[in-house]
Amino acid sequence: MAPARAPDRLWFERIPMAWWIVVAVLLTMPLFANNFWLFQVMGWSFILGTIAVSLTFLAGYGGMVSLLQMSIAGLAGYMVAILGPSGTTSISLGLAWWIVLPAAFLIAAVFATLCGALAVRTEGIYTIMITLAIAAAFFYFTRQNYTIFNGYSGFNLVLPPQLFGVNWRDPAPFYYLCLGCAALCYGAVVYITRSPFGLALQGVRDNPRRMAALGFNVTAHRVAAHALASVFASVGGILLVWQNAQIAPGTIGIPAAIDILVVAVIGGIRRPLGAFVGAFIYVILQVFSPDILGTFGFSAERFKLIIGLGFLAVVLFSPDGVLGLWDRWRARRARRVDPLTGAPR
Amino acid sequence: MTLAAPDDRLTQMNSGNALELRGITKMFGALAAIADVTLTVRPGERRAVLGSNGAGKTTLFNCITGDFPATSGIIRFFGEDVTAFPPYERIRRGLRRTYQISSLFAGLTVMDNVYLACRGVSRNRYSLLRPRSDDALVHAAETLVEAVNLTAVRDQLVGELAYGQQRQLEIALALSGAPRFILFDEPAAGLSPTERRDLVTILTSLPSHIGYIIIEHDMDVALRVVESVTMMHNGRIFKEGLPSEIEDDPEVQELYLGGGHG
């Protein structure tokens with residue numbers, strides 16, 4: 001449905017130069033970045049961004065702010081640990097990866113659909129409350145259930161399969177794995193927002209009553225959006241369990257659930273790119289603020305204070321996040337004129 | 001069982017109507033916004049519903065489409081009992097409506113708005129594949145945008161359109177797919193004289209099998225595009241007749257033309 005105006009330039013000429021530079025840097029990063037940067041900083045940014053982009057899809061395009069995305073990611077991660085091999089051999093079934101991965105996606109999608117069916121009966125703040133309640137219930141369930149979720153200790157030694165003879169937990173392969181998954185999820189969200197389903201989802205966000213008067217089943221559409229968003233969350237959750245090589249209730253606690261919302265809002269919840277920008281900022285702050293805080297005599301845990309202040313600043317001054325700030329800065333620059341001639345610079 | 005037969009036959013006979021309301025009542029708390037409204041409209045018939053503000057005209061529309069379900073009564077659409085149907089099921093059967101206050105998707109473009117309307121009454125509402133530029137529904141949307149003279153602004157966000165253009169778009173949404181019966185809620189409100197002329201042209205040039213009910217305060221528009229008139233007052237049907245009869249009726253003039261607009 002993109003305007004079918006005659007494209008004067010080829011498709012690759014229409015992509016701004018900044019994109020080419022970002023893509024080139026991302027693709028060549030293993031050549032100049034150290035392992036800590038590749039595995040911890042970039043790997044985690046992509047994972048967090050992928051989980052957050054599932055919230056962007058629901059909230060930015062569907063108007064449904066759900067705090068369940070981390071729980072859904074966690075459930076997919078748990079399923080990989082439970083169905084596949086792990087260090088907890090008394091529970092883990094040790095099935096092959098080609099059974100484990102589809103099953104993890106499927107179970108997470110069923111869970112998301114059921115929770116979505118509950119959540120879409122509410123609006124606004126009540127959606128946040130009910131999804132928070134389910135997230136909290138799931139967290140305590142995993143902590144207290146020892147037969148399936150192995151309670152407090154969870155699962156360790158959960159490793160990615162050695163496909164094509166590559167150890168996917170080595171920093172460079174894991175970096176490319178995360179980059180590829182994040183790029184696919186980002187591309188999928190961008191593509192879907194212009195599909196009939198995505199357009200209708202935006203219609204449901206803007207004017208649910210009119211959507212019903214155009215023949216759309218608004219409730220079913222919202223539930224379907226929850227199911228679809230679970231796919232992106234599951235990708236992030238499975239990568240997360242491979243990165244940590246373990247999963248425990250702490251991974252899906254309330255702070256983690258709220259962090260996903262914070263990440264999406266800081267980056268800009270109206271656009272898929274915002275999830276990844278927000279995730280990168282969040283990870284950078286978390287990784288480097290202990291050093292900075294230490295020099296001022298604060299303890300390292302205080303980095304949440306910085307995140308919190310940043311979140312407040314974004315909500316107060318730029319509701320469309322860091323990307324919104326960037327847009328406005330560029331618009332101001334474009335409007336600047338030469339003071340002598342009045343011509344645009 | 002034999003006693004039920006005449007009723008059945010009556011139903012069969014009445015199924016020839018496009019729209020059939022029997023004893024429709026809508027309560028808001030203790031207030032009856034409309035009370036015991038019984039109305040039949042033939043396929044292709046064009047009717048105006050007149051009445052002062054608060055007479056229950058828009059509530060009647062909301063009951064017909066299911067936006068607000070009726071408290072009691074039966075609604076048949078082309079013979080089918082749709083009383084318990086949600087709005088989208090009624091729309092998929094060929095019912096359409098416009099809103100008195102434009103109810104559009106401000107964050108989407110004109111084309112996207114019309115495309116959504118076409119998609120809503122067709123299959124593959126859940127498709128994740130972007131439509132190709134030669135998609136039949138894209139083409140249908142383009143034709144509709146053309147029909148309401150919005151081609152020049154087809155890629156603009158609807159929130160940025162002029163008021164009159166938003167009213168035109170409101171009508172385009174109601175014409176999407178294959179409508180069988182349309183409810184127009186004050187389509188001329190706030191339009192300029194030129195835009196009103198265009199509106200009359202659009203209404204009178206609709207295919208003859210498409211019937212409609214129009215709520216309109218502008219008599220010049222209303223009485224020129226309909227063949228029958230229903231007067232409502234305080235939530236009840238007060239009078240029915242031909243446009244000429246209603247126009248000359250002293251009671252009507254007292255109640256509506258005189259009283260309402262003093």
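Helices here are DSSP runs of H or I with at least four residues, strands are DSSP runs of E with at least two, and both are numbered from the N terminus. Keep that in mind as you click around, and remember that this is a predicted model, where local features need pLDDT of at least 70, side-chain atom pairs count only at pLDDT 80 or more, and totals for chains, interfaces and linings use all residues. Residues are numbered from 1 along each chain as its sequence is written, while chains are lettered from A and ligands numbered from 1 in the order in which they are written.

**Stop 1: chain A as a whole**

You have 13 helices and two strands to look at. The radius of gyration is 21 Å, close to the 20 Å that the globule rule gives for 345 residues, so chain A is as compact as a globular protein of that length. (The radius is taken over C-alpha atoms, and the rule is 2.2 Å times the number of residues to the power 0.38.) Along the principal axes, the C-alpha atoms of chain A fill a box of roughly 80 × 55 × 45 Å.

How much of chain A is buried? Buried residues make up 44% of its 345 residues. A residue is buried if 20 or more other C-beta atoms lie within 10 Å of its own, exposed if 12 or fewer, and partly exposed in between, with C-beta atoms placed from the backbone.

**Stop 2: a covered helix**

Now select residues 196-206 of chain A, which is helix H7. This helix is mostly covered, with 10 of its 11 residues buried. Among the buried ones are A:Pro196, A:Phe197, A:Leu199 and A:Arg205. What covers them?

**Stop 3**

Go on to A:Ala245, in the loop between H9 and strand S2 (246-247) of chain A. Most residues other than glycine have a negative phi. A:Ala245 has a positive one, near 60°. This residue counts as partly exposed because it has 16 C-beta neighbours inside 10 Å.

**Stop 4: where the chains touch**

Show both chains. Here 33 residues of chain B are in contact with 24 residues of chain A; two residues are in contact if their C-beta atoms, placed from the backbone, lie within 7 Å. On the chain B side, the elements that give two or more residues are H3 and helix H4 (110-120). Colour H4(B), which brings the largest share of that side, seven residues.

Which classes of residue make up the chain B side? There are 18 nonpolar, seven polar and eight charged residues. For these classes, Ala, Val, Leu, Ile, Met, Phe, Trp, Tyr, Cys and Pro count as nonpolar, Asp, Glu, Lys and Arg as charged, and the others, Gly among them, as polar.

**Stop 5**

Chain B has 10 helices and 10 strands. Its C-alpha atoms fill a box of roughly 55 × 55 × 35 Å, taken along the principal axes. Of its 262 residues, 43% count as buried.

Colour 17-94 and 179-262 as domain 1, then 104-178 as domain 2; such bounds come from an automatic or database domain assignment. The C-alpha centres of the two domains of chain B lie 25 Å apart. Their contact takes 12 residues from domain 1 and 12 residues from domain 2. On the domain 1 side, helix H3 (87-92) and helix H7 (193-204) of chain B each supply at least two residues. H7(B) gives the most, with three residues.

**Stop 6: strands in chain B**

Select B:Asp36 in strand S2 (residues 31-41) of chain B. This is another positive phi in a residue other than glycine, near 50°. With 15 C-beta neighbours inside 10 Å, B:Asp36 counts as partly exposed.

Finish with strand S9 (residues 228-233) and strand S10 (residues 236-241) of chain B, which run antiparallel and are joined by five bridges. Strands pair if DSSP finds at least two bridges between them. Click B:Val229 and find its bridge partner in S10(B), B:Gly241. The two strands form a hairpin with two residues between them, and B:Asn234 in the turn has a positive phi of about 50°.
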